[in-house]
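Trainee: I'm new to this one, and I'd like to learn how to read its charges and contacts. Could you walk me through it?

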Amino acid sequence: MDNVVQIAEELVAFSNAEGGIIIVGVKDNGTVVGLEAQEVRKTNLNIANAASENVLPPVFPKTQVMQLDNKTLLLIQVEKGLQRPYQTKQGKYLTKAGSDKRILATEEMKRMILSKSVLFEELPIAGTSLAVDFSLLAFASYFQKVYQMDYVQFLEEENQNLEQLLQNLKLTDSELFTLAGLLFFTRNPQRLRPLYVVRAVAFYGNELEDEHYLSSENIEGTLPEQFERCMVFVKQHLRKVQNGKSFNSTGDLEVPAIVFEELLVNALLHRDYAINSAVRLLVFKNRIEI
C-alpha cells in the first residue's frame with residue numbers, strides 16, 4: 001500500500017464501518033510477503049499523509065510493526081469513526097463490504113449525518129484514559145479559579161464523585177476524555193493529537209521564504225500551557241520602546257501584550273480542530289502573523 005489515495009480509501013471505508021485492522025505485507029490470498037525497513041518507513045509516512053490530508057474529516061489510525069515467519073508486517077488499527085460519514089479528498093464516501101469496500105448508500109449517509117448531534121469538542125477521544133492521562137493539578141486549579149471553591153468541597157456538598165463531575169462538565173464520556181478534556185486537563189495532549197500544537201518561528205527579515213530564522217519552537221502542552229508559552233515567545237522577539245520614559249526604564253513592548261492575548265486566545269480556542277494541523281505563530285521584523 002504505497003499509494004496515498006488507496007490508503008485514504010481504506011481508512012474512509014473502515015471509519016464509516018465498524019473499524020478494524022489493515023495488515024500490510026500480506027497478499028490477498030494470505031501469502032505473507034513481508035516488508036523491508038524502507039517500505040515500513042514509507043508506508044508510515046503515507047498513512048500519516050492520507051489520514052490528515054486525504055480523509056475528511058481527518059482520522060487518527062495507530063500503526064504497529066510485528067514479525068510473522070521472520071517477516072515484517074505493518075498493522076494499521078482504524079477505529080469506528082465518531083464523525084461519520086467520512087470521505088476521501090476526491091469526494092468518495094466508502095464503507096466496508098466483507099473484505100472489499102463499496103460506495104455508501106444515500107440512506108446510510110442520511111442516518112450517519114442525523115446521528116451527529118454531539119459538539120465536536122464533546123467527542124470522546126479513543127485511547128485516552130482517566131487513570132493514565134488525567135492532570136488532577138490542572139483541574140483543581142481550574143475549578144478553584146472558575147467556581148471559587150475547592151473541587152473536593154464541591155463533591156462533598158453535592159454528594160458526587162470526581163468521575164461524575166468530569167462527565168457532567170463534558171470533559172469525559174464514560175472512561176474516555178472528550179476533546180475538551182484532552183486539551184485542558186491531560187498530562188500530554190500531543191500523545192494522541194501530535195499536530196494540536198503551535199509552530200512558532202521568529203525570522204530575521206520579513207519573508208516566509210527566508211532560509212535562516214532567529215528562533216523556532218514547537219509549543220506543546222494543554223491549551224493554557226500553549227497560551228503562556230506563546231506569550232513568552234512573542235515577548236522575547238518584540239522590541240522595547242522608550243515611550244517617554246527615563247533612559248533607565250525597561251521600556252514598553254512596541255505592541256501591547258493585550259493585543260496578542262486576544263489573538264492567541266482566538267487562535268487556540270476557535271481554531272477548527274477537525275483540521276489536523278498546527279497553529280502557526282510567525283514573528284517577522286515588520287509584523288506578526290498568527
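Trainee: Which side chain does Glu108 meet in a salt bridge?

Mentor: A salt bridge is a side-chain nitrogen of Lys or Arg within 4 Å of a carboxyl oxygen of Asp or Glu. Here the side chain of Glu108 meets that of Arg102, at 2.8 Å from N to O. Before we go on: this is a predicted model, where local features need pLDDT of at least 70 and side-chain atom pairs count only at pLDDT 80 or more, while totals for chains, interfaces and linings use all residues. Residues are numbered from 1 along each chain as its sequence is written, and side-chain values use heavy atoms, leaving out hydrogens and water.

Trainee: Is Glu108 buried or exposed?

Mentor: Buried means under 20% relative accessible area, exposed over 50%, and partly exposed in between (1.4 Å probe, protein chains only). Glu108 has 18%, so Glu108 is buried, whereas Arg102 is partly exposed at 34%.

Trainee: How many salt bridges does the rule give?

Mentor: The count comes to nine. Among them is Glu217 with Arg229, whose closest N and O atoms are 2.7 Å apart. Glu217 lies in strand S11 (residues 213-219) and Arg229 in helix H9 (residues 223-236), so this pair ties together parts twelve residues apart in sequence. Helices (H or I, at least four residues) and strands (E, at least two) are DSSP runs, numbered from the N terminus. Another bridge joins Arg287 and Glu289, with closest N and O atoms 2.8 Å apart. Arg287 is partly exposed at 30%, and Glu289 is partly exposed at 34%. Salt bridges can also share partners, as in the network of Glu10, Lys96 and Lys101.

Trainee: Which residues gather in a patch of negative charge on the surface?

Mentor: Patch residues have over 30% relative accessible area and no salt bridge, and like charges are joined within 9 Å. Asp150, Glu156, Glu157 and Glu158 form such a negative patch. One of them, Glu156, lies in helix H6 (residues 151-158) and is exposed, with a relative accessible area of 63%.

Technical notes
Patch = residues over 30% accessible without salt bridge, like charges linked within 9 Å, V, L, I, M, F, W, Y side chains within 5 Å. Areas by Shrake-Rupley, 256 points an atom, 1.4 Å probe, with all protein chains shown as cover. Lys, Arg positive; Asp, Glu negative; His and termini not counted. Charge placed at Lys NZ, Arg CZ, Asp CG, Glu CD.
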